[in-house]
Amino acid sequence: MHELGVVFHMIDMLEKVKEENEVEKIESVTIELGEVSTVIPAYLTDCWKWAREKYDFLKGSELLIEKLPAVTFCEDCRQEYETIPNGKTCPYCGSKNTFLLQGNEFNIREVEAW
Ligand SMILES: [Zn+2]
């Protein structure tokens, strides 16, 4: 479980946001999380709830998670397909010559503060 590390990394970034924008309190943070990212949303939320209490500017803030679907691209037939049901094998032509286009993301997309 590395979600706690992820949360501390997020808090570092949020502290920079806070300083640069001179905000006192962060209301909510929206992150984009890819479907095949190794971060587990439920653990992330738990870690967030624990960590936010240790920082005045984050107390009571909400963590919102937007999931991004995983999409793989096939280099042989040049089609895109859903990663989860198919894995690394293209469902159109059976090729394994494929790579993940999206689905591994972990980004802070929006921060609401005042
Ligand atoms: Zn293919």
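Tutor: Here's a walk through the sheet, its helices and then the aromatic pairs. Keep in mind that this is a predicted model. The sheet is an open one, built from three strands in the order 2-1-6, with mixed pairing. Strand 2 (62-68) and strand 6 (106-113) sit at the edges with a single partner strand each, so one side of each has no neighbour in the sheet. On average, neighbouring strands here are turned by 20 degrees against each other, ignoring direction. Strand 1 (residues 26-34) runs parallel to strand 2, and seven bridges pair them. In that pairing, Val29 is opposite Leu63 of strand 2.

Now the helices. Helix 1 (residues 3-21) packs on the sheet and touches strand 1, strand 2 and strand 6, its direction making about 45 degrees with that of strand 6. Helix 2 (residues 41-52) also lies across strand 1, strand 2 and strand 6, at about 165 degrees to strand 2.

On to the rings: there are three aromatic pairs. One of them joins Tyr55 and Phe57 edge-to-face, 6.2 Å centre to centre with 85 degrees between the planes. Tyr55 is partly exposed at 22% relative accessible area, while Phe57 is buried at 5%. Phe73 and Phe99 make a tilted pair, at 5.6 Å and 55 degrees. That pair links distant parts of the chain, with Phe73 in strand 3 (residues 71-74) and Phe99 in strand 5 (residues 98-102), 26 residues apart. Phe73 is buried at 13%, and Phe99 is partly exposed at 37%. Back at Phe57, Lys18 lies over the ring's face, 5.2 Å from its centre.

Terms used. Residues numbered from 1 in each chain as written. Predicted model: local features only at pLDDT ≥ 70, side-chain atom pairs only at ≥ 80, totals over all residues. Heavy atoms only, no water. Pairing = 2+ DSSP bridges. Helix = DSSP H or I, 4+ residues; strand = E, 2+ residues; numbered from the N terminus. Axes fitted to C-alpha atoms, helices over the stretch in contact; angles between N-to-C directions. Contact = heavy atoms within 4.5 Å. Phe/Tyr/Trp six-rings, centres within 6.5 Å; stacked < 30°, edge-to-face > 60°. Buried < 20%, exposed > 50% of the residue type's maximum accessible area, 1.4 Å probe, protein only. Lys NZ or Arg CZ within 6 Å of the ring centre and 35° of its normal.
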